[in-house]
Amino acid sequence: MMGGKQVTVVGDGGWGTALAVLLLGKGHTVRLWGVFPEYVEEMRRRRENVKFLRGIALPEALELASGLPEAVAGAEWLVMAVPTQFMRGVLRRLARCYRRGTPIVSVAKGIENRTLLRPTQILADVLGPAPVAALSGPSHAEEVARGLPATVTVASRSAALARRAQALFMTDRFRVYTTTDVAGVELGGAVKNVVAIAAGICDGLGLGDNAKSALLTRGLAEMTRLGLALGARRHTFAGLAGIGDLITTCASPFGRNRAVGVQIGQGKSLNEILAGMAMVAEGVRTTLSVRALARRHRVELPITEQVYQVLFRGKDPKAAVRDLMRRAAKDEVS
């Protein structure tokens, strides 16, 4: 059993807040950092993250900070919970106060648009060599924060570090498995958000259960195909970070990416949808990155391509469905 550690969670979104509460409940000393001082002060006053995790009381023992140097001072572990597209900017600030050798667990799910790097690769690009891991799987913040059972995977190139991260997070309500397939775990977490937008469009159009089941199955095929081209292991996508996270994201009412798709299917524009959202739907920007990776590595991702066309080229969702269904006949596994 791991003794209590000093942990700093960088990022006060819903997932970062839920993990801060979970880690605190396990007996760790936890600080939660947010980028906006006024909002951090509001959380401190109300003891609730109303904007990102409404209804969850923040224990008095949870330290809240808006100054990054003070937040990470003395930390034995860092949990990076900043959305992928904003991670680099925060890491540049962190680099000035990061203590070399402090392990970092990334819990972001996405691929950076400009560089096409995964979160742990962004960490390495900015901070240089560091002990890093990635935690992913079916784990909506709203449920984890309420103590409902969840199971995830933590990946690191170092099996020893993965086991240490497992011990840091694991409770009788939050089960953690380990793997060394960092690429597979991070790609699963990224690509499933693109498929979730497609699943939402399917629901918004009222296409039924058969269509949605087919979409998830073929979405998993796309996730696996891209992963293999990028050096991931096939079996990772049959696990929690692949099909597990895909099912939750595409079915749950908490899923922000699915919600974007539902509204697209109902006729709203992307700009209109995003203007009304407080939280980040990573899948929108990730669609650009996944499509770019597929083109770079010459991997066929027809669902991703149609999501891109709908989101960024104004294609009618019904036309996208028609074009997918009219593709040339082929073997299911090839």
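**Entry 1: overall form.** I began with the overall size: for 334 residues a compact globule would have a radius of gyration near 20 Å, and the protein agrees with this at 19 Å. The radius is taken over C-alpha atoms, and the globule rule is 2.2 Å times the number of residues to the power 0.38. I noted that this is a predicted model, in which local features need pLDDT of at least 70 and side-chain atom pairs count only at pLDDT 80 or more, while totals for chains, interfaces and linings use all residues. Residues are numbered from 1 along each chain as its sequence is written, and side-chain values use heavy atoms, with hydrogens and water left out.

Along its principal axes the C-alpha trace spans about 60 × 40 × 35 Å. I found 15 helices and ten strands, these being DSSP runs numbered from the N terminus (helices H or I, at least four residues; strands E, at least two).

Entry 2: I looked up how much of the protein is buried, and the figure is 55% of the 334 residues; buried means under 20% relative accessible area, exposed over 50%, and partly exposed in between (1.4 Å probe, protein chains only). Taking the contacts (heavy atoms within 4.5 Å) with a separation of 6 or more, I read that 70% of them are between residues 24 or more positions apart.

**Entry 3: helix H9.** I then followed helix H9, residues 209–229, whose 21 residues reach 30 Å from the first C-alpha to the last, close to the 30 Å expected at 1.5 Å a residue; the expected span is 1.5 Å times one less than the number of residues. Its buried residues include Leu 215, Leu 216, Leu 220, Met 223 and Leu 226, but I also saw Lys 212 and Glu 222 among them. What covers the buried residues of H9 includes helices H8 (182–205), H10 (240–251), H11 (256–265), H13 (282–297) and H14 (302–313). After H9 comes Gly 231, with a positive phi near 95°.

**Entry 4: two arginines.** Which loop holds Arg 47? I located Arg 47 between helix H2 (37–46) and strand S3 (48–49), and its phi is positive, about 55°, although it is not a glycine. Arg 298 also has a positive phi of about 55° without being a glycine, and I found it in the loop between H13 and H14.

Is Arg 47 buried or exposed? Arg 47 counts as buried because its relative accessibility is 13%, whereas Arg 298 is exposed, with a relative accessible area of 80%.
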